[in-house]
Amino acid sequence: MQVEHHPLAAEFPEHKDAIHHLKMNNAHFAKLFGEYDDTDKAIVRAETGVDHLGDADLENLKKVRISLKDQLFHILQTAGKA
């Protein structure tokens, strides 16, 4: 099985510069970004067998990643309009 990381810059390549800017200048965005990155890494570790999680726990992590991604995207959209 091919396991992929989902770095935010790869998910939203058109916002790469904004992501970098917000990470440096927006504490809330930086916090969410860190949580997103940590969650993505935890999912990859579980999917590759490094960490052992039950199916329900893995699905919950994926839901957390989606929620964080949605929140980060909302901030990116808002920042782009400012």
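Modeller: Accessible areas come from the Shrake-Rupley method with a 1.4 Å probe. In this predicted model, the protein exposes about 5500 Å², of which carbon and sulfur atoms supply 54%.

Colleague: How many helices and strands does the secondary structure of the protein come to?

Modeller: The secondary structure comes to 4 helices and 0 strands, and the elements, followed from the N terminus on, run α-α-α-α. Along its principal axes, the C-alpha trace spans about 40 × 20 × 15 Å.

Colleague: How many aromatic pairs does a search of the whole structure find?

Modeller: Planes under 30 degrees apart count as stacked. The search finds 2 aromatic pairs; in one of them, the rings of Phe 12 and Phe 73 have centres 4.8 Å apart and planes at 25°, so this pair is stacked. The pair links distant parts of the chain, since Phe 12 lies in the loop between helix H1 (8-11) and helix H2 (16-25), whereas Phe 73 lies in helix H4 (residues 55-81), 61 residues apart.

Colleague: Is Phe 12 buried or exposed?

Modeller: Buried means under 20% relative accessible area. Phe 12 has 10%, so Phe 12 is buried, while Phe 73, with a relative accessible area of 26%, is partly exposed.

Colleague: What separates Phe 29 and Phe 33 in helix H3?

Modeller: Phe 29 and Phe 33 also form a stacked aromatic pair, with 6.5 Å centre to centre and 25° between the planes. Because they are 4 residues apart in helix H3 (residues 27-47), about one helical turn separates them, and both Phe 29 and Phe 33 are buried.

Colleague: How many of the 82 residues of the protein count as buried?

Modeller: Of the 82 residues, 26% count as buried.

Technical notes. Residues numbered from 1 in each chain as written. Predicted model: local features only at pLDDT ≥ 70, side-chain atom pairs only at ≥ 80, totals over all residues. Heavy atoms only, no water. Phe/Tyr/Trp six-rings, centres within 6.5 Å; stacked < 30°, edge-to-face > 60°. Helix = DSSP H or I, 4+ residues; strand = E, 2+ residues; numbered from the N terminus. Buried < 20%, exposed > 50% of the residue type's maximum accessible area, 1.4 Å probe, protein only.
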